[in-house]
Amino acid sequence: MTFSRIPFCAFLLLALLFLSLTVILKKWHFGLQENKPFGDAARPDGLTPARDRLLQQLKERQQELELLDITFDNKQGLDPSFSTNDSAIYINGKLSSDNPVTAKTDIGCEELSGIKAVDFLGSGYTKTVLKAALPQGLFVALKSINHQGTDMRLCMEDFQDSQGCNELVSFKLRKEIVLLQRLQHPNIVELKGQCQDSALVGGITAVLEQGMPLQMIQLLQSPWEERFQVCLGLVQLLQYLSHSPLGSVALLDFQPRQFVMVSGELKLTDLDDASIQEPACQEDSDCLLQFPLRNFAFRCSLSRTCEGLNEMRNLYNAYRYFFTYLLPHQAPPLLKPLIHQIMNSTGDLKQSINETLVAFEEVLHMYKSGLHLENLPPSITRDYAVLKGMRSAANMEYRCWPSYNKQGCVLSVHSAREAALICNSHPQCTSFSLSSEKTWTGRLLASFRSGFSHLVPDVNSAVYMRRVKASGAVL
């Protein structure tokens, strides 16, 4: 077969292929390569693009920490040139730790040298939390970097730099330490110390007040008063975050798992995803607050920020994760109208956090003072014989829900009148007793029972027995 018989198109394709191979071979011969913007080829300064991206991310994290200091200093009227952040950063490709920790903490690396981990509390994408016993007998939570976590794994896949990835991942914990130093509130866990150079616990470690992970299922089974305490503490926290020393703080990863319980109090323990800046905007459409089931529109202010968006984000998350499940169910009947008002106003974001806190405090005042029971007739206790200085023994218990005692029926009451009202509503109740034991609101604990065998002296107790009619029926 001769070239004259080859179709012109096929000949053209063969020529182009030959030309391409010639160019490629020449480039290979002279050591030329195509530029790959995301490849690993070294730049004139000796840094690969991957290392350059890593250094850029480290620089951005450092700037984020510096912004926390500058914002705090400006709010407090301090010299912004004075920085207390405890972060290290890569400079010219090398790790630098020239900026020491200046914040005062009680527990440091020396105290942690005698540490003894006694329990594993949990782990996430970035951090691991251990329960530890200090030599002086104090139990604390130790939060450190999770070197087998998702963040570390993804970083190593991208950069193949163990030292750089350790530093990058540790910035979340560094940020959390700085925020815990700046934000101090009864509903935020206390930072008891930190260690930046401990081979024993691995790198950076935060020493925190030890709490129990929030268990929503267990909380749903608790008395309404305890659930209300959790919601009230959350509202008090959000009110503080809206007017904090750092400005309005948004909890971007708002989930029940970010909280712990300490002696019945709800406390925020995870702050690494908090934001101290209101979203920037150019027009009103930029200020759309989006949730899975609802959206809320806000105005773009003259300062080109969505003012108030952080506060409303926190408030609606509190409504959908906490209030919806904890507030309405088993609420005292006479307080339900106020509870429903709170649910409607927060569910529609009709009120600010300040107004929401006022509404919660009104419910608390009525509940503690017994104002919601003012229409109960004083005569409601006349159907009960009172034996003061006595308590019942060998009781015949019955269960009610929700009870402070899972094996019986123990509820909080404002007075004997409210206890009598409850006993009258329970068909099996024949008596109740009041002791000096009280709840966090100052209300009394009342034990309800269907019978008992005998009484024993107890100066701190009083027994109320339902009177029996002549026919033998309980009144």
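This note walks through a predicted model of one protein, point by point.

1. **Overall make-up.** Start with the whole chain. The protein has 475 residues, and 45% of them count as buried. Its secondary structure comes to eleven helices and 20 strands. The accessible surface is about 25900 Å². Carbon and sulfur atoms make up 55% of that surface.

2. **Helix H7.** This helix covers residues 224-242, which is 19 residues. From its first C-alpha to its last, H7 reaches 27 Å. That is close to the 27 Å expected at 1.5 Å a residue. Is H7 enclosed or open? Of its 19 residues, 16 are buried, so H7 is largely enclosed by the rest of the structure. Elsewhere in the burial list, Cys231 has a relative accessible area of 0%, so this cysteine is buried.

3. **Leu338 in helix H9.** Leu338 sits in helix H9, residues 336-347. Buried or exposed? Leu338 counts as buried, because its relative accessibility is 16% and the cut-off for buried is under 20%. Which residues does Leu338 touch, leaving aside those up to four places away in sequence? They are Glu362, Val363 and Met366. The C-alpha atoms of Leu338 and Ala359 are 7.8 Å apart, although 21 residues separate the two along the chain.

4. **A word on helices.** An α-helix has 3.6 residues a turn, so residues three or four places apart point the same way.

5. **Disulfides as a set.** A disulfide is a covalent bond between the sulfur atoms of two cysteines. How many disulfides does the structure hold? There are six. Count the bonded cysteines along the chain, and the pattern reads 1-4, 2-3, 5-7, 6-8, 9-10, 11-12. Three of these links are taken up in the next points.

6. **Cys109 and Cys195.** A disulfide joins these two, with an S to S distance of 2.0 Å. The link is right-handed, with 105° about the S-S bond. Cys109 lies in helix H3 (residues 109-112) and Cys195 in strand E6 (residues 191-198), so the pair ties together parts that are 86 residues apart in sequence. Cys109 is partly exposed, because its relative accessibility is 31%. Cys195 is buried, because its value is 1%.

7. **Cys155 and Cys165.** Here the sulfur atoms are 2.2 Å apart, and the two cysteines form a disulfide. The link is left-handed, with -90° about the S-S bond. Cys155 is in helix H4 (residues 150-159), and Cys165 is in helix H5 (residues 162-182), ten residues apart. Cys155 has a relative accessible area of 5%, so this residue is buried. Cys165 is buried too, because its relative accessibility is 0%.

8. **Cys281 and Cys300.** This disulfide has an S to S distance of 2.1 Å. The torsion about its S-S bond is about 90°, so the link is right-handed. Where do the two cysteines sit? Cys281 is in the loop between strand E12 (274-275) and strand E13 (288-290). Cys300 is in the loop between strand E14 (295-297) and helix H8 (309-326). The pair is 19 residues apart. Cys281 and Cys300 are both buried.

9. **The hairpin of E18 and E19.** Strand E18 (residues 431-438) and strand E19 (residues 444-451) run antiparallel, joined by five bridges. Within this pairing, Leu434 stands opposite Ala446 in E19. The two strands form a hairpin, with five residues between them. Look at Gly442 in the turn: this glycine has a positive phi of about 90°.

10. **E18 and E20.** Strand E18 also pairs with strand E20 (residues 454-466). The sense is antiparallel, and there are five bridges. Which residue in E20 is the bridge partner of Phe432? It is Tyr464. In the viewer, find E18 and trace its bridges to E19 and to E20.

How values were computed: Residues are numbered from 1 along each chain as its sequence is written. This is a predicted model: local features need pLDDT of at least 70, side-chain atom pairs count only at pLDDT 80 or more; totals for chains, interfaces and linings use all residues. Side-chain values use heavy atoms; hydrogens and water are left out. Helices (H or I, at least four residues) and strands (E, at least two) are DSSP runs, numbered from the N terminus. Buried means under 20% relative accessible area, exposed over 50%, partly exposed in between (1.4 Å probe, protein chains only). Contact means heavy atoms within 4.5 Å. The expected span of a helix is 1.5 Å times one less than its number of residues. A disulfide is a pair of cysteine sulfur atoms within 2.5 Å. Accessible areas come from the Shrake-Rupley method with a 1.4 Å probe; for residues, only the protein chains shown count as cover. Two strands pair if DSSP finds at least two bridges between them.
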